[in-house]
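I opened the model to look up a few things and kept short notes. The entries follow the order in which I looked.

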Amino acid sequence: MTTTAGSIGMGNTGAGNTGAGITRVGIIGCGTMGAGIAEVCAKAGADVRVVVSSAASADAGRRRIAQSLNQAVARGKLTAEAGERVLGAISFTDALPDLADRQLVVESIPEDEKLKQRVFTALDAALTDPDAILASNTSSLRIATLAERTERPERVVGMHFFNPAQVLPLVEVVPAERTAERVVAAAETFAADVLGKQVIRSADRCGFVVNALLIPFLLAAVRMVEVGHVTPADVDRGMKLGCSHPLGPLELADLIGLDTVASVAEAMHAEFGEPLYTPPQLLRELVTAGRLGRKTGSGFFDYPR
Ligand SMILES: NC(=O)c1ccc[n+]([C@@H]2O[C@H](COP(=O)([O-])OP(=O)(O)OC[C@H]3O[C@@H](n4cnc5c(N)ncnc54)[C@H](O)[C@@H]3O)[C@@H](O)[C@H]2O)c1
């Protein structure tokens, strides 16, 4: 299955990949984050090919991107024609080898180390351009654990976007031990100069900068509700009204996806062994019940569809 390829040009062949000339981008996974990253890259003029796990995922992914573009049009941030052009620049496939000619691929599948490692091995075998950059949008896993599953660890780097990727300006760029400096620089140049993002560089440490601070905060909010100190609505009102947070921690956890919050917490707990990273029972129960937050219509709060 391959659908709609709206090619916007070729670039950067043979002369070394500095990031500035990247026009052929691959994304693996089209959930909450993959869809947003695909949109942001297509808006910047890239030809974007997205690998999905099934035809149903392609339909859901295309709908998600179309909905976000329609919102941007309704808010006057994009013309309807530009929205159509962006959507036309994104194609979908369920075959990873269809990424063969990509200059940059950003993996954005669930936060599962073994799954990501298998995908990195397959991606390494698929990419024909020796200058291609293999990036992961992982929230917490060390980039080295993915790089070591490829024959070109020097070309593997973390590019951690924030949710919603089409709106939030930050990208954490994460070099692993063997990542070449020119690859880190190219990832930074692409994020800043092509996508218009702001970049911070993080060491390859589980949770990087932002999640190392954010996850314990979100888990503490869940624990307060779990022991009955306070309602979810009042936790969020407290942080919005008392600390000027734009979203309360539980609304933010719902936005991230409670399964993703739990997986990131588990990865951090496995890495550091600190009790503060243990996913609370209430979080596990919501995940088991399929209440994953916004993406399923309910989590700590309900989101009518
Ligand atoms: N949700 C957030 O706020 C957020 C923010 C930054 C980074 N991240 C990270 O981004 C990654 C993806 O998270 P998400 O929130 O988008 O998850 P998600 O569950 O919304 O989407 C993941 C998608 O990957 C698909 N998928 C699974 N295996 C696949 C495969 N082999 N090939 C192609 N597609 C496959 C799933 O069908 C699903 O559509 C995770 O590593 C997560 O930690 C998440």
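Entry 1. Which backbone oxygen does the side chain of Arg102 reach? I looked this up in the model, which is a predicted one. The side chain of Arg102 reaches the backbone oxygen of Val25, at 3.1 Å. I then found the backbone oxygen of Asp47 at 2.9 Å from a polar atom of the Arg102 side chain.

I noted where Arg102 sits: in the loop between β4 (90-93) and β5 (104-107). Is Arg102 buried or exposed? Its relative accessibility is 0%, so I put Arg102 down as buried. I also listed its contacts, leaving aside neighbours within four places in sequence; among them are Arg24, Gly26, Val48, Arg49, Leu127, Asp129 and Ala132.

Entry 2. I turned to strand β7, residues 156-161. Six of its six residues are buried, so I describe β7 as largely enclosed by the rest of the structure. In a regular strand, side chains alternate between the two faces of the sheet.

Which strands pair with β7? Strand β6 (residues 133-136) pairs with β7 in the parallel sense, over three bridges. Strand β8 (residues 170-175) pairs with β7 in the antiparallel sense, over five bridges. I followed Val157 to both partners: Ala135 stands opposite Val157, and in β8 its bridge partner is Pro175.

Entry 3. I went on to the ligand. Of the 22 residues around it, Met33, Glu111, Lys116, Ser139 and Ile256 come nearest. An N or O atom in the side chain of Asn137 is 3.0 Å from an oxygen atom of the ligand. For the side chain of Asn163, the corresponding distance to a ligand oxygen atom is 3.1 Å.

How much of the ligand does the protein bury? The ligand taken alone exposes 830 Å², and the protein buries 84% of that. The elements giving two or more residues to the shell around the ligand are α1 (32-43) and β7.

Entry 4. Last, I looked at helix α6, residues 181-194. I recorded 14 residues and 19 Å from the first C-alpha to the last, close to the 20 Å expected. Its buried residues include Val183, Val184, Ala187 and Phe190. After α6 comes Gly196, with a positive phi near 75°.

Terms used: Residues numbered from 1 in each chain as written. Predicted model: local features only at pLDDT ≥ 70, side-chain atom pairs only at ≥ 80, totals over all residues. Heavy atoms only, no water. Buried < 20%, exposed > 50% of the residue type's maximum accessible area, 1.4 Å probe, protein only. Helix = DSSP H or I, 4+ residues; strand = E, 2+ residues; numbered from the N terminus. Pairing = 2+ DSSP bridges. Polar contact = N/O pair within 3.5 Å; in protein donor to acceptor, adjacent residues only side chain to side chain. Contact = heavy atoms within 4.5 Å. Expected span 1.5 Å × (residues − 1). Near = heavy atom within 4 Å. Areas by Shrake-Rupley, 256 points an atom, 1.4 Å probe, with all protein chains shown as cover.
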